[in-house]
Amino acid sequence: MRDQDRLPASPGFWRSPLRGPWFTSVLGLVLLVGITVLFVTGLVSYAAYNPGLSPVNDTTPDKGLLGFYLFAWPTDPVWLYRLTQGVHVTLGITLIPVLLAKLWSVVPRLFALPPARSVAHALERISLLLLVGGGLFEFTTGVLNIQLDYVFPGSFYPLHFYGAWVFFAAFVAHAVLKTPTALRTVRRRLRDEPEEGVEPAADTLVSPRPDRPTVSRRGAFGLVGGGSLLLFLTTVGQSLGGPFRRTALLAPHGTADPNGGPNGFQINKTAAYAGITAADTHEDAWRLVVTGRTGTVRLSRAQLLQLPLHSSSLPIACVEGWSTADQWWRGVRLRDLAALVGHDGDPPDVLVESLQRHGAFRRAALRANQAADPRTLLALYVNGEELSPDHGHPARVIVPAAPGVLNTKWVGRLTFGAL
């Protein structure tokens, strides 16, 4: 028996007195709600990129039926993407201690023998493996993306997108099998009723020879909950912006706004990183090329300043979960630029191209409703000052409720028409 207890497949190998149906059920029910919200907000975030509009907006090939839910992303309210992506990222970080505790609580089942006692049990084991693997993959790639560490092969977008569908399919299968049992277990505990239906010893979470407890289950829940609360408090500030940013100690964009002054708010990509030089943006060299129904016009910055200028108060919100406070932008409406090339009234879709020569999202497509919104600008100023090089001088696009990468910087060309 002692020799057998040295093997992970033996129930006696796992001796923590904390493991059991009650502990696992509570964690599972928390994840049932939390992961469902994560999945929905993740799909909403994907829709915000307008992936069905143009290939330049989407690096996820052959999504097929997985894109059934996509819709035209709205421009109201202006804080929509800040909210949905902020919830997605902050909740994902907050759930990490719960996920790890849940995986720890069920690890004996990963080694239980025989591998399958029936077809139903085999399906459960397969769903469990996909669930564990998918969960670790999704949370790991998500955290790495937030930290701007792209150490995984390939693009984050298709990896996270397809991984989410595999993970959630396994999650739904597991939830269908286990949620009724988890609810019964929790209800019995709350009513102080004895446990019924003890599982076979080879698959039980309760050790036949538990060690002496060093912490109670209530203390373990407090530890998990305290860890989640700490992660929440040190992450959520990057989504709120303003003075709350200083509390986001674990986020790359959780520090104070850089430098200060009218251009002193957060960025992801500097001009130097994007390869933008002073020669590219000098007033003698830079021209905005606008193409549409009646042909092409080329405008210098001085000529743009002769057009009617308008102002919008809009934030920037990014996929990593961070956002700025509302900034005061001033520039030319995209709909007015569309009118210069024959698109009077509501403009069509538009392809926006940056001076940036390499890297993702140097081009972005905007839907007609985004181009037509009177708050959508080719911005020349921010907070009363010319755009700095890092914020897109000489001109950048700013769109209500759009993900940050669609607010293209260092704009060189606008092409209106069917994409």
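Into which domains is the protein divided? The protein consists of domain 1 (4-247) and domain 2 (272-416), with bounds that come from an automatic or database domain assignment. The model is predicted, so local features need pLDDT of at least 70 and side-chain atom pairs count only at pLDDT 80 or more, while totals for chains, interfaces and linings use all residues. Residues are numbered from 1 along each chain as its sequence is written, and side-chain values use heavy atoms, with hydrogens and water left out.

Taken over C-alpha atoms, the centres of domain 1 and domain 2 are 39 Å apart. Where the two domains meet, 31 residues of domain 1 are in contact with 30 residues of domain 2 (contact means heavy atoms within 4.5 Å). About 2600 Å² is buried between domain 1 and domain 2, and carbon and sulfur atoms give 55% of this area; buried area is the accessible area (1.4 Å probe) that two parts lose on being put together, summed over both. Of the area that domain 1 buries against domain 2, 23% is supplied by Thr 75, Val 78 and Arg 82, more than by any other three residues.

Two salt bridges are counted between domain 1 and domain 2, a salt bridge being a side-chain nitrogen of Lys or Arg within 4 Å of a carboxyl oxygen of Asp or Glu. Arg 82 forms a salt bridge with Asp 326, and the closest N and O atoms of this pair are 3.3 Å apart.
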